[in-house]
Amino acid sequence: MKKLKRLYTEHRVFAILMALVIVCFVLIGTVLMQCFYVGGNKNKYGDRLNGIDKVKLSSAFIKDTESKLISEEIVKKADIIVTGKIVYISMKFDAPTTLVEAESVAQKSLDYFKDEEKNYYDFMFTLKEDSTESSEGFLISGSKNKNGSGLVWNNNTPIVENTIESTEKSDGE
């Protein structure tokens with residue numbers, strides 16, 4: 001004990017600084033433990049899914065809706081995946097199907113859901129038709145926000161480079 005007292009009196013500044021460093025490490029360790037371990041057992045969605053039990057989509061309903069979509073004569077394959085508050089609906093169409101026909105099937109698929117479900121979930125659509133000799137095919141995405149009134153489609157216009165301008169540029173160089 002006398003040695004510690006003598007060491008403290010001889011190196012007082014060093015001892016105080018070391019005590020501060022130890023206290024800082026303890027505080028940093030406590031904060032890191034709370035950030036990474038204490039909050040780790042919570043739901044990854046936080047409280048965003050409060051009330052989902054009231055409008056939960058059952059797997060039987062999802063399978064039934066998929067079979068209704070496949071029963072459409074132009075739909076080859078349909079998949080519905082529910083993740084959190086988003087319903088992903090992807091449909092693959094037989095050739096030759098027009099983009100307007102595919103979009104109308106997607107619009108009709110919203111009728112299979114109740115109004116409470118449409119007001120709770122966001123809907124994301126992916127419509128695809130492979131290209132064949134008789135049709136170009138398409139791939140388009142659309143969505144319906146829970147607060148929105150209808151479907152919004154992405155711009156599916158292909159970028160066409162003007163060949164006249166590109167030949168003039170190459171001739172002038």
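In which helix does T65 lie? T65 belongs to helix α3, and that helix is a handy place to start a tour of this predicted model. The protein chain holds six helices and five strands, arranged along the sequence as α-α-α-β-β-α-α-β-β-β-α. Of its 173 residues, 22% count as buried.

**The sheet**

- The five strands make an open sheet of mixed pairing, in the order β1-β2-β3-β4-β5.
- β1 (75-83) and β5 (152-153) are the edge strands; each has a single partner strand, so one side of each lacks a neighbour in the sheet.
- β1 pairs with β2 (residues 86-93) in the antiparallel sense, over eight bridges, and I81 stands opposite Y88 in β2.
- The hairpin of β1 and β2 has two residues between the strands, and G84 takes a positive phi near 65 degrees there.
- On to the next pairing: β2 and β3 run in the parallel sense over seven bridges, with K128 in β3 as the bridge partner of K92.

**Helix α3 and T65**

- Helix α3 (residues 59-70) lies across β1 and β2, at about 155 degrees to β1.
- T65 counts as buried because its relative accessibility is 1%, which falls under the 20% cut-off.
- Setting aside residues up to four places away in sequence, T65 touches I80, Y112 and F113.

- In soluble globular proteins, nonpolar side chains tend to be buried together.
- Here the largest nonpolar core has 26 residues, and I89 and M91 touch the most other members.
- At least two residues of this core come from each of α3, β1, β2, α4 (99-109), β3 (122-129) and β4 (138-144).
- β2 supplies the largest share of the core, four residues.
- Beyond its neighbours within four places in sequence, I89 is in contact with L69, D79, I80, S109, F113, F123, M124, F125 and T126.

**Aromatic pairs**

- Searching the whole structure turns up five aromatic pairs.
- One of them joins F61 and F113 in an edge-to-face arrangement, with 5.4 Å centre to centre and 70 degrees between the planes.
- That pair links distant parts of the chain, 52 residues apart: F61 sits in helix α3, and F113 in the loop between α4 and α5 (115-120).
- F61 counts as partly exposed because its relative accessibility is 21%, while F113, at 4%, counts as buried.
- F125 and W153 form a tilted pair, 6.3 Å centre to centre with 50 degrees between the planes.
- F125 is in strand β3 and W153 in strand β5, so this pair ties together parts that are 28 residues apart in sequence.
- F125 counts as buried at 1% relative accessibility, and W153 as partly exposed at 23%.
- F61, F113 and F123 form one aromatic cluster.

**Whole-chain figures**

- Among contacts between residues at least 6 apart in sequence, 52% join residues at least 24 apart.
- The accessible surface of the protein chain is about 13100 Å², and 58% of that belongs to carbon and sulfur atoms.

Key:
Residues numbered from 1 in each chain as written. Predicted model: local features only at pLDDT ≥ 70, side-chain atom pairs only at ≥ 80, totals over all residues. Heavy atoms only, no water. Pairing = 2+ DSSP bridges. Contact = heavy atoms within 4.5 Å. Axes fitted to C-alpha atoms, helices over the stretch in contact; angles between N-to-C directions. Buried < 20%, exposed > 50% of the residue type's maximum accessible area, 1.4 Å probe, protein only. Core = buried A, V, L, I, M, F, W, Y, C linked by side-chain atoms within 4.5 Å. Areas by Shrake-Rupley, 256 points an atom, 1.4 Å probe, with all protein chains shown as cover. Phe/Tyr/Trp six-rings, centres within 6.5 Å; stacked < 30°, edge-to-face > 60°.
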